[in-house]
Structures are given as structure tokens and as C-alpha cells.
Amino acid sequence: MRRPTARGRTTRRRVVRGAALGLASVALLAGCTTAGTRDGTAAGASGGAAPASPAPEAPRPEAPRPEPSGRTPDGTLLVADFGADTVTFVDPDAGPVDSVEVGEAPYGLVVGEDGRAWVATAEGVAVVDTHRRERLDLVPYETAGLGPVTGGEYRGGGMGIALAPDGRHVYVGVNVPSGNGTLETIDTGTREVTATTAVGRRPFDVDVSRDGREVYATGHDSFDITVVDTRTQDTRRIEVAPYGTEGGLGSWLKPHYAAVRPSDGRLLLPFEGERLVVLDPETGRSAVERMTADTHQHGVTATPDGTLLVVGTGPIDPSEDAGPSLTVRTKDGQERVIPLDGPHEDVAVSADGRTAYVTGGFTRDGYWNGISVVDLATGDTRRLPAGERPLGVAVLRSP
């Protein structure tokens with residue numbers, strides 16, 4: 001039988017989204033339908049399908065633990081353990097070497113040139129000295145209505161997080177379970193919240209313009225980017241919905257993560273391994289380019305030379321769509337799709353640009369406690385143990 005066209009697949013997805021509106025209210029708030037049969041038996045994060053149980057994990061070798069007083073080596077990976085209250089330091093060859101308690105259900109993280117990591121948890125933004133591997137502080141949120149401190153994909157608290165180019169401010173997207181989120185601005189010197197700005201619903205990702213004058217909060221459940229002026233806190237909302245907004249909270253086809261293109265500052269937002277939205281945040285205009293992975297997509301990063309890496313979490317419908325993957329897209333739009341074993345969430349790249357680290361801590365069923373290490377030249381992959389449901393990831397390096 002001839003494989004359905006992208007347009008045909010979209011039509012079927014919309015039919016399923018309409019049916020999803022009849023599910024329980026929890027399913028609606030999930031912003032996704034279910035894995036495989038889409039009947040409520042298992043779900044992928046925010047609309048990605050996943051196996052009903054965790055994928056097989058990599059064996060855990062006995063890795064040497066460095067002395068606590070020793071400086072953490074360059075190239076060490078730092079991951080946010082969404083299934084615990086820690087961040088884990090990972091030797092990219094041997095596996096976990098240390099962990100630090102930061103707060104419940106850490107999601108995103110970012111590391112400055114001074115070696116301090118800022119980690120968005122359910123309780124506040126943790127500040128971690130990555131050289132000495134210790135928590136320095138926990139900055140509480142000022143946003144109201146976050147509910148009890150808990151875990152899970154829909155918990156209140158920090159999600160996406162980014163650091164200003166000059167290192168003076170951290171911006172964290174805060175999820176408010178009952179409605180729209182906020183962007184909290186933290187002064188990195190005083191470690192205090194200096195502004196709280198309304199943004200879209202469930203801010204999965206936060207990015208900063210190259211000159212530091214604007215912050216971009218990706219509102220997953222509101223199909224938008226909120227542009228925040230860092231000097232005045234004025235905002236502009238830009239809808240990002242190449243498939244439309246039909247289905248609302250029950251839709252699969254929402255924005256998840258974005259990357260700022262180094263060459264011109266445009267935002268790159270992948271959808272379903274089919275469409276890449278290239279958004280000019282100044283004008284609000286966007287163009288859509290073709291993608292080829294044909295899978296639900298989440299994490300994304302852009303390297304300095306303009307290469308885009310996009311994490312494919314798995315199919316919405318296994319009978320029509322492809323499995324988990326890592327898309328490597330050159331600046332001229334040429335793509336190479338590297339298959340991955342099981343769902344993944346986010347991605348970081350080594351300093352030399354040769355290796356990608358893709359976290360296996362999918363926020364719903366199907367996650368696994370490790371990282372896929374991908375050789376970007378050959379496409380070879382290996383599985384590395386790493387923390388507990390690792391989501392956010394960064395490669396530590398000296399300035």
C-alpha cells in the first residue's frame with residue numbers, strides 16, 4: 001500500500017485530536033494522545049508515542065569517582081535528573097561519577113563561563129558550582145499558583161532556562177499548572193528574582209537573542225513564542241502553529257524547543273520531522289522548510305557553524321511514522337537522520353563538534369536512565385548510563 005502523504009497523515013492526526021477531546025480532563029491537560037493505539041494505555045511526552053515500559057538500559061560500569069576537592073574535567077557532561085532531585089556528572093567514556101542534590105524534578109539547565117550551573121527544578125532555580133560539585137543556593141520562584149512540589153511532566157515550576165550572553169541574568173520559564181506561565185528573571189550576582197513576566201502556557205524552552213536584548217519563551221500549550229524585551233519586560237506574542245491549533249490542549253502538533261540560528265538570529269522550531277519553522281522574531285513572519293525524519297520531535301540545538309541537531313522521540317502513529325532519531329541538518333538544509341534506540345529528549349554537542357549526547361530521560365513512559373553518544377561523522381551510537389531520567393544536558397568546558 002502506498003505510504004500516506006504528509007497531508008493525509010495530518011488529516012488523520014486531526015481526527016484523532018478531535019477524539020482526544022472526549023478523554024478525561026487529565027488527558028486533555030497532557031496535551032498529547034497515547035502511544036501506539038492512542039487509547040490511553042501509554043503516552044509520549046507532549047504528544048510523542050513511547051513504549052509502555054522503560055527501554056532496556058545500558059550496563060552500569062564501575063566508574064572511578066573523582067575526589068570531591070578535584071576540579072571537574074572539561075568535557076564532563078552534566079544532566080538534570082528529572083526522576084530524582086539531583087544533577088549527575090557523567091564521564092562521557094565511563095558513565096556517572098558524582099551527583100548533587102538540587103531540588104525536586106529538575107528539568108532544564110544551563111552553565112555559565114564561570115562554571116556555575118543554573119538548574120530549573122520544581123522548587124526553585126538551583127545554583128551549582130560544577131568545579132567543586134556542590135549546590136550554592138536555591139532561588140525560590142515568585143510566581144503564584146504552582147501547587148505542591150512534585151514530579152511529572154505537568155508539575156509546577158521551572159522548565160526551560162537560559163543565560164544572558166553577558167552572564168548577568170538567568171531567565172527561567174515557570175509552568176503554572178492552572179494556566180499561562182511566567183518568565184522569571186534572576187540577577188546572577190545577587191541570586192534574586194528581579195522580574196516576573198507573563199508568557200505562554202507550559203514554557204518548555206527559553207532562548208536569548210545574540211545581543212541579549214530579547215528572550216524567547218516557547219509556550220507549548222499555547223502554540224506560541226513570547227518575545228520579552230529584557231530592558232522593559234514588554235512582550236509580544238507570535239503564534240507558531242504550522243499545522244493549525246485545532247485540538248487545543250489535546251493537540252499533538254505544538255512547538256516544543258527552539259534554537260537561535262547563529263547566522264541571523266532567527267528561531268528554528270522543528271515539527272514532526274516534516275516541517276521546520278524559521279521565525280523572524282523582529283517581524284513575526286515565518287517560513288516553513290521541509291524536514292525528513294518523519295517522527296515527533298523535541299530537543300534541538302544549533303552549533304556555531306549553523307548545524308542543527310533535532311531529537312526525534314518516536315512516532316505518533318507507528319503504522320505511519322518513523323521511530324526515534326537524531327536529525328543532523330546542515331546550514332544549507334541537507335539532512336542526515338541517525339536512528340536511536342528508544343525515546344530521547346534533549347541534545348548537547350562536544351566542544352569539537354564531533355559528538356552528540358542525547359538524553360534518554362523522556363518525561364513519560366518509555367524513558368531510560370542514560371545517554372546515547374552519537375559519533376556525528378560516522379553515525380555510530382553507543383549507550384551510556386547517566387542519572388535518573390536525564391532531561392537537560394550540558395557539556396562542561398573552561399572559558
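Here is a short chat about a predicted model of one protein chain.

Trainee: How many helices and how many strands are in the protein chain?
Mentor: Look at the strands in this predicted model, and you'll count 28 of them. Then look for helices in the protein chain. The tally is 28 strands and two helices.

Trainee: What share of the residues is buried?
Mentor: The protein chain has 399 residues. A residue goes down as buried if its relative accessible area is under 20%. Buried residues come to 58%.

Trainee: Let's pick Thr196. Is Thr196 buried, exposed or partly exposed?
Mentor: You'll find Thr196 in strand E11, which covers residues 192-198. Its relative accessible area is 39%. Buried means under 20% and exposed means over 50%, so a value in between makes a residue partly exposed. With its 39%, Thr196 is therefore partly exposed.

Trainee: In which sense do strands E6 and E7 pair?
Mentor: Strand E6 takes in residues 124-129 and strand E7 residues 134-140. Gly124 stands opposite Pro140 in E7. Over six bridges, the sense of the pairing is antiparallel.

Trainee: Which residue in that hairpin takes a positive phi?
Mentor: The hairpin of E6 and E7 has four residues between the strands. The phi in question is near 55°, and the residue is Arg133.

Note on methods. Residues numbered from 1 in each chain as written. Predicted model: local features only at pLDDT ≥ 70, side-chain atom pairs only at ≥ 80, totals over all residues. Heavy atoms only, no water. Buried < 20%, exposed > 50% of the residue type's maximum accessible area, 1.4 Å probe, protein only. Pairing = 2+ DSSP bridges.
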